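Reader: Could you walk me through the charged side chains in this one? I'd like to go pair by pair.

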Amino acid sequence: MIVDSHQHVMLPTSMQIRKMDDGGVDRTILFTTTPHVERAASATLEAIGAEMQVLYQLLSGSCSPEIRMGKMMDTILELNRAIQTAPDRFYGFGPVPLGLSEQATADWISQHIVGNSFKGIGEFTPGSETQIKQLEPVFKALENDQTLPVWIHTFHPVTLNGIKILMELCRKYPAVPVIFGHMGGSNWMDVIAFAKEHGQAYLDLSAAFTPLSVKTALTEVPEKCLFGSDAPFGEPLLCRHLIEFVSPSCSVTELALGGNIERLLQI
């Protein structure tokens, strides 16, 4: 089974399924989305930028916690509607607000993640090193229940220093599975090296900084690599072809395209 382990909700859902079919994808792990860039009138900077403004506002910290949590609840409802449209094609990862107390974080996970039968937590997109440190209550909440992986964006605006802070959290809570989204971007060598030493670190191959990073990851840690397209920002067909093109063997390709995420999520 081919599983795209990272797509955002696209509207209409029929378009998302069509892209999956075009890419030969059987199942997709869906994440919530704030900007719907697929609804932009064109691929011009102006049109895409207009759709991205709401995300930029959230990352800048200009919205109050109440507004951020309200928007998050809306995106969870949207995610559930998409999954219910084709439950045989989709699984979900759900978001968790940063900055909550340990108990409030645990309660949110119980109600909005476990309560919705989501398979993991994320995507977190930390806009600062302070926000990366705010991930610790999430790790603490999962310390005694390691069935939910945490998906964390590690490309820009996350810096190498921010990635190192995340690595320290992984070392402090070694049983919690952590997916390094976009494999660290330009810091991919550091992230691959970390995945070699840390048993519960996994590598999302979407938005690859270079084909060489994907090839190296598949060579060094084939059991840690996860095919993802990051649609609508990426294309499932192209991302799948990249893995097939640079993979060192058919068995490694099978692991990356589905075997690893099936084992991790027990699906």
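Predicted model: local features only at pLDDT ≥ 70, side-chain atom pairs only at ≥ 80, totals over all residues.

Author: Residues are numbered from 1 along each chain as its sequence is written, and side-chain values use heavy atoms, with hydrogens and water left out.

Reader: How many salt bridges does the structure hold?

Author: The term here means a side-chain nitrogen of Lys or Arg within 4 Å of a carboxyl oxygen of Asp or Glu. By that rule, the salt bridges in the structure number eight.

Reader: Take Glu-235 and Lys-19: how many residues apart are they?

Author: Their side chains form a salt bridge at 3.0 Å, N to O. It links distant parts of the chain, with Lys-19 in helix 1 (residues 13-22) and Glu-235 in the loop between strand 8 (225-226) and helix 10 (236-246). Helices (H or I, at least four residues) and strands (E, at least two) are DSSP runs, numbered from the N terminus. The separation between Glu-235 and Lys-19 is 216 residues.

Reader: Which helices does the salt bridge between Lys-140 and Glu-102 tie together?

Author: In this salt bridge, the closest N and O atoms of Lys-140 and Glu-102 are 2.9 Å apart.

Reader: Is Glu-197 buried or exposed?

Author: Buried is under 20% relative accessible area, exposed is over 50%, and partly exposed is in between (1.4 Å probe, protein chains only). Its salt-bridge partner Arg-171, at 3.3 Å N to O, has 39% relative accessibility and counts as partly exposed. Glu-197 has 54%, so by the cut-off of over 50% Glu-197 counts as exposed.

Reader: Which residues are joined into one network with Arg-171 and Glu-197?

Author: Arg-171 is in helix 7 (residues 160-172) and Glu-197 in helix 8 (residues 188-197). Salt bridges that share partners bring one further residue into the network with Arg-171 and Glu-197: Glu-168.

Reader: And Glu-78: which side chain of opposite charge is nearest?

Author: Glu-78, in helix 3 (residues 65-85), is buried yet has no salt bridge. Leaving out residues up to four places away in sequence, Glu-78 touches Val-9, Leu-11, Thr-33 and His-36, where contact means heavy atoms within 4.5 Å. For charge, Lys and Arg count as positive and Asp and Glu as negative, while His and the chain ends are not counted. The nearest side chain of opposite charge, 5.0 Å away, is Arg-81.
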